[in-house]
Amino acid sequence: MDEVAWRWIPAKGPLISCLVALHGMGQDGSVMARKLKPLSDRGVALLIPDGPYRFEIRGRDSIREGHSWYIYTGDQDRFLKSLETTEKDLLDLVEPILDEHRVKAPQTTLLGFSQGGYLAGFTACRNPHRFGNCVIASARLKHEFLTEELASGLLPAVLLLHDEKDPMTDPDPVRESSRILSEAGADVRVEWHSDGHQLGEGSRKALQDWL
């Protein structure tokens, strides 16, 4: 991630927590920064990187650059390898920054929206020593890749944010994620909102209350 942009938004006043936020596919960190910046007024520092994979997005009258976190073609072995690669790059980026600011695991939350949510759940469950908390928004836990971690019981606290009428992601896998995490001993909570497939006002309010 040497050439990947990232943003650090310090907390105003004493640091309560630090939120590492991963955007959705085709977005970049500026979207998350705009949505989450008000949390800095409440003692939450924000660390927001861009996804490492760049691709062209063509609109009717424009072309822009989008970002993604991993390569997904439906091939599960390749998906796992791509998650593992990005996990390492993400840790290489965020750990020195969090250490510099003396942010410990209990204060640190890894949040991912949509595509970023799959990476957030995967990475946080595999690294609870770094991320004491995890938020999966508009996505589910990829539990198939986390058999050993779920069996260990060493898991972060998890918040699942979802709209039951989300037009892109069904709610039943989210309920299944909650059940699996709970049975594995995780502190898990589901907050349903009416924002659709986005981090809207309802989901941000639930996030703020949970933090």
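Begin by selecting Leu-80, Leu-83, Glu-84, Thr-86, Glu-87 and Leu-90 in H2, which meet Leu-119, Phe-122, Thr-123 and Arg-126 in H3; contact here means heavy atoms within 4.5 Å. The model is a predicted one, in which local features need pLDDT of at least 70 and side-chain atom pairs count only at pLDDT 80 or more, while totals for chains, interfaces and linings use all residues. Residues are numbered from 1 along each chain as its sequence is written, and side-chain values use heavy atoms, with hydrogens and water left out.

The residues of this contact between H2 and H3 comprise 5 nonpolar, 2 polar and 3 charged (Ala, Val, Leu, Ile, Met, Phe, Trp, Tyr, Cys and Pro count as nonpolar, Asp, Glu, Lys and Arg as charged, and the others, Gly among them, as polar).

Helices (H or I, at least four residues) and strands (E, at least two) are DSSP runs, numbered from the N terminus. The axes of H2 and H3 lie 10 Å apart, at an angle of about 65 degrees; axes are lines fitted to C-alpha atoms, for helices over the stretch in contact, and angles run from 0 to 180 degrees between N-to-C directions. The two helices are therefore roughly perpendicular, a label covering 65 to 115 degrees.

Now select Val-94, Leu-110 and Leu-181, the residues with the most contacts inside the largest nonpolar core, which has 40 residues. Such a core is a set of buried Ala, Val, Leu, Ile, Met, Phe, Trp, Tyr and Cys residues joined through side-chain atoms within 4.5 Å; buried means under 20% relative accessible area, exposed over 50%, and partly exposed in between (1.4 Å probe, protein chains only). H2 gives the largest share of this core, 8 residues. Around Val-94, leaving aside neighbours within four places in sequence, the contacts are Val-20, Leu-47 and Phe-131.

A second, separate core has 21 residues, including Ile-9, Met-32, Ala-137 and Leu-161.

Finally, visit two loops. Most residues other than glycine have a negative phi. Arg-102, in the loop between H2 and strand E6 (108-113), has a positive phi of about 55 degrees although it is not a glycine. At 69% relative accessibility, Arg-102 is exposed. Ser-138, in the loop between E7 and helix H4 (147-152), also shows a positive phi of about 55 degrees, but Ser-138 is buried, with a relative accessible area of 1%.

Technical notes. Angles under 35 degrees count as roughly parallel, over 145 as roughly antiparallel, 65 to 115 as roughly perpendicular and the rest as oblique.
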